[in-house]
Amino acid sequence: MEKTWRWFGKKDKITLPMLKQIGVEGIVTALYDEPNGAIWSEEAILDLKHYIEDAGLRWSVVESLPVSEAIKYGGENRDELIDNYIVSLENLGKAGVKTICYNFMPVLDWIRTELEFPLGDGSTALYFDKVRFAYFDCYILKREGAKADYSAEMLAKLAELDSTITEAEKEKLVDNIVIKTQGFVSGNFKEGEKQPLELFRTLLNLYKDIDKDTLRENMAYFLNRIMPTCEQYDMNMCVHPDDPPFQMLGLPRIVTSADDIEWIMNAVDNPRNGLTLCAGSLSAGSHNNLPEIALKFLSRIHFAHLRSTQVFPNGNFVEAPHLEGRGELIELVRIFETYRPHVPMRVDHGRAMLDDAKNGYNAGYPLYGRMFAMAQLDGVMAAVHQLLPPADAQNTEPLPFHSVAGKMA
Ligand code: DNO
């Protein structure tokens, strides 16, 4: 697999020469200063591309070319926004940047309640606590009708938490859910947002009449409109799964499981309509089996996020070390190295370790933690590679990984 790294542009404290030293081959990035819906000019794209190439690297994947909310909920100006999206795609295509990661999650991108959950060895990881999230929904955001979405048992836990939680903890919850996790990935919320809850309610309101079927129709509409451009420029769209992969905040979620992915792949049955296999997002749902999903959609996976999670019996989850947990990354690497060895992969959501906490990196994107995880996966790739039969034997000899070959059949 191609070893790539999410780099947050020229302002990132982790510089391209640093990445070169640690064995990164390709860069995953975006024009972070452009607001959602704006056209990415050829000039700005080429400027960033040359900057990356001057460091001896290549711009492998765009993550993300954001899909504006109005495209998702089907607002009046959606066609205009899709036209802009198409121009950005054309400009990327002309520059030769051809793998595009995006998501179709309404309002929020990924969600966590704790960003520095101690793992017991001095390192920390991201964590999702169902009770605290429900508390945010019912007691802090006070979403209309929220309580009807939870069981009596859960509501009792919320009442109990309400009697002990401090104001500082409440503020931290808002900061973690709305600002720190969204600020750098979603154009909806910015660092320093003065009234995040007001804005949140306004955005939620846009979806009050949108159910799962409508969101799916809107996604198919968007994909059908952009496919000709993807074909013309030989580009692949890779939808990122919903994170976490279950329903929340009364919003429809449509990329949570193998069935959802199958629906998307069939609705627009074009190889350019593909998937970002985010092992972390999908593994946080105990209904998902990652090797099965990888094998099922192998030819449509154009990008992989390699990270893992551990899910607790109560549904809370923590980001696991990369060789542990439900992500089954070793098996995924075997599958890709065997059948799709050129797919770009990036490690994701590393543990914060050593000096990471002092350096103020974006949540989930520390230097040492990601570097450590990439070295682990690099070792797995090398080992797997060594076990593969020689290239000229691959089509005739039985594959050494019978479980994989068996599942393929
Ligand atoms: C989280 C990321 C996501 C991802 C977007 C893609 O760390 O994997 O924010 O970039 O959902 O659009």
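Colleague: On what basis are the residues numbered and the features reported?
Modeller: Residues are numbered from 1 along each chain as its sequence is written, and side-chain values use heavy atoms, with hydrogens and water left out. Because this is a predicted model, local features need pLDDT of at least 70 and side-chain atom pairs count only at pLDDT 80 or more, whereas totals for chains, interfaces and linings use all residues.

Colleague: Which strands make up the closed barrel, and in what order?
Modeller: Helices (H or I, at least four residues) and strands (E, at least two) are DSSP runs, numbered from the N terminus. Two strands pair if DSSP finds at least two bridges between them. The pairing in the barrel is parallel, and the twist averages 30 degrees from one strand to the next. Eight strands close the barrel, in the order E1-E2-E3-E4-E7-E8-E9-E12.

Colleague: How many bridges join E2 to strand E3?
Modeller: On its other pairing, E2 runs parallel to strand E1 (residues 2-6) through three bridges, with Thr-4 opposite Gly-26. Towards E3 (residues 58-63), Gly-26 stands opposite Arg-58 and Ile-27 has Trp-59 as its bridge partner. E2 and E3 also run parallel, and the bridges that join them number four.

Colleague: What is the handedness of the β-α-β unit made by E2, helix H2 and E3?
Modeller: A crossover is right-handed if, with the strands pointing away from the viewer, the path from the first strand over the helix to the second runs clockwise. E1, helix H1 (residues 16-21) and E2 make a unit that is right-handed. The unit of E2, H2 (residues 42-54) and E3 is right-handed.

Colleague: Are the residues on the two faces of strand E2 buried or exposed?
Modeller: In a regular strand the side chains alternate between the two faces of the sheet. Buried means under 20% relative accessible area, exposed over 50%, and partly exposed in between (1.4 Å probe, protein chains only). In E2 (residues 26-29), Gly-26 and Val-28 lie on one side and Ile-27 and Thr-29 on the other, and all are buried.

Colleague: Which cysteine sulfur is nearest to that of Cys-238?
Modeller: A disulfide is here a pair of cysteine sulfur atoms within 2.5 Å, and the structure holds zero of them. For Cys-238, the nearest cysteine sulfur is 6.5 Å away. Cys-238 is buried because its relative accessibility is 0%. That nearest sulfur belongs to Cys-101.

Colleague: Which residues does His-240 contact, apart from its neighbours within four places in sequence?
Modeller: His-240 lies in strand E7 and counts as buried because its relative accessibility is 10%. Contact means heavy atoms within 4.5 Å. On that criterion, the partners of His-240 are Cys-101, Tyr-102, Asn-103, Met-105, Val-255, Thr-276, Cys-278, Ser-281 and His-305.

Colleague: At what angle does helix H9 run to E7?
Modeller: Axes are lines fitted to C-alpha atoms, for helices over the stretch in contact, and angles run from 0 to 180 degrees between N-to-C directions. Helix H9 (residues 212-233) lies across strands E4 (99-103), E7 (236-240) and E8 (273-278). The angle between H9 and E7 is about 155 degrees.

Colleague: Which residues does Thr-229 touch, not counting those up to four places away in sequence?
Modeller: Thr-229 is found in helix H9. Thr-229 counts as buried because its relative accessibility is 6%. The residues that Thr-229 touches are Ile-86, Leu-89 and Glu-90.

Colleague: What separates the C-alpha atoms of Tyr-207 and Lys-72?
Modeller: Tyr-207 sits in the loop between helix H8 (196-205) and H9, and it counts as buried because its relative accessibility is 3%. Among the residues that Tyr-207 touches are Glu-69, Lys-72 and Tyr-73. Tyr-207 and Lys-72 are 135 residues apart along the chain, and their C-alpha atoms are separated by 9.1 Å.

Colleague: How are helices H5 and H6 oriented to each other?
Modeller: H5 (residues 130-140) and H6 (residues 152-164) pack with their axes 10 Å apart, at an angle of about 80 degrees. Angles under 35 degrees count as roughly parallel, over 145 as roughly antiparallel, 65 to 115 as roughly perpendicular and the rest as oblique. H5 and H6 are therefore roughly perpendicular.
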